Amino acid sequence: MTLLDKDADPSGESRGGNNIGGEMVVLDGVEKWFGKLHVLQNINLTVRQREVVVVIGPSGSGKSTLCRTINRLETIDQGSITLDGQPLPEEGKELARLRAEVGMVFQSFNLFAHKTILENVTLGPIKVRKRSKSDAEKRARELLDRVGVGHQADKYPAQLSGGQQQRVAIARALAMEPKVMLFDEPTSALDPEMIKEVLDVMVDLAEGGMTMIVVTHEMGFARTAADRVVFMSDGAIVEENDPETFFTKPSSDRAKDFLGKIL
Ligand code: ADP
Ligand code: MG
C-alpha cells in the first residue's frame, strides 16, 4: 500500500518517464546573495508533477537555501519561482497557504515538544486548512498508521525515537495535502539503524506519486526513487542526470571529486 493511493500508478509498474506530469516547481534564473556571498547563481530547475529530484553537493553549496526559497523561508534577489504555475506569494495569508502546499521536512524534526503526536499532525489542517477537529484527527491517524507510528499518537515527541519523530514530521507535512514535499537531509541526524525506516517511508511516498525534492547523500534512495539527480557546487547547478549515469559517469570534475569523497 502506498501513502497516496489516489496517485498510485495503476499499472503497478515502477516509476517511469511517461508517468511524469506538468510543471510543478519552476526556478528560472534565480539569484541570491547573503551579503557578499553569491549563494544561488543562475538556478534554472524544473520539477514536474510526480517527479523525484535528489539534490546533492558539498556542504555549503546552497542546497538548504535552494529548498528554503521554494517555500519562501528565504527571499530571492533575481529570477522567479513558480509553484503549480503560480508565482510564490509575497506575504500574508497567501504565504501561509504556500507553506501548506510545500511540505518541508528538515534534518531536525521540529515537532512541537509540548503537543502530542496527534496534535502535531492535526494543528496545521485545523488552523490553515480549516478542517474540523474530527476530520483532522481521522486523517492524522490514517497518516500516522501509514508511516508506522499510529500506536504513538497520544505520546509526546520526546518519548519517540529520532526515526519515529522524523516519520511523524513527514505525516505532519502530508496532513496539509502538499503539492510538493521538500526534504532537507532528513536522515542526517538519525542513528544508522533508523535511517532505513525513514527512507522506506520516502520511497513509498515517491512510488505513490508525490512530487519530491530531496537533499540527501543517500545513494540507495537516489538510485531507487530519484528520476533525476541535481549536483550543486558553490551555489550553482553544475550537473544533472539520471541517477545511474550520474553515479557511474559523472561528467564534471567537481562531481567526480565529490563522489570520490562520499562513495
Ligand atoms: P548546504 O545546505 O548546501 O550546506 P546552505 O544553503 O546551508 O548550504 O549554505 C550555503 C552558504 O550560505 C554557506 O556558505 C552558508 O554559510 C551560507 N548561509 C546560509 N544561510 C545564511 C544566512 N542566513 N546568512 C548568511 N549566510 C548564510
Ligand atoms: Mg544544508
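Predicted model: local features only at pLDDT ≥ 70, side-chain atom pairs only at ≥ 80, totals over all residues.
User: Which elements give two or more residues to the shell around ligand 1?
Analyst: The shell includes Leu 37 and Val 39, and also Lys 63, Ser 64 and Thr 65. Residues 37-48 form β2, and residues 63-70 form α1. The elements giving two or more residues are therefore β2 and α1.

User: Which element gives the largest share of the shell around ligand 1?
Analyst: Two elements give two or more residues, β2 and α1. The largest share is 3 residues. It comes from α1.

User: How far from an oxygen atom of ligand 1 is a polar backbone atom of Gly 60?
Analyst: Gly 60 is among the residues surrounding ligand 1. A polar contact needs N or O atoms within 3.5 Å. Gly 62 has a backbone N or O atom 3.0 Å from an oxygen atom of the ligand. For the polar backbone atom of Gly 60, the distance is 2.7 Å.

User: How many residues of the shell around ligand 1 are charged?
Analyst: The shell has 4 nonpolar and 6 polar residues. The charged class has 1.

User: Which element gives the largest share of the lining of the largest pocket?
Analyst: About 550 Å³ of space lies in this pocket. Elements giving two or more lining residues are α2 (92-101), β6 (102-105), α3 (117-127) and α5 (162-174). The largest share is 6 residues, and it comes from α3.

User: How many nonpolar residues does the lining of the largest pocket have?
Analyst: The lining has 22 residues, with Arg 99, Met 104, Phe 112, Arg 172 and Met 176 nearest the pocket centre. By class, 5 are polar and 3 are charged. The nonpolar residues number 14.

Definitions and conventions
Residues numbered from 1 in each chain as written. Chains lettered and ligands numbered in written order. Heavy atoms only, no water. Near = heavy atom within 4 Å. Polar contact = N/O pair within 3.5 Å; in protein donor to acceptor, adjacent residues only side chain to side chain. Helix = DSSP H or I, 4+ residues; strand = E, 2+ residues; numbered from the N terminus. Nonpolar A, V, L, I, M, F, W, Y, C, P; charged D, E, K, R; others polar. 1 Å grid on protein atoms, 1.4 Å probe; cavity = no way out; pocket = protein on both sides within 12 Å on 5 of 7 lines; lining within 4 Å. Points joined across faces, edges and corners; volume = space filled by probe spheres on them.
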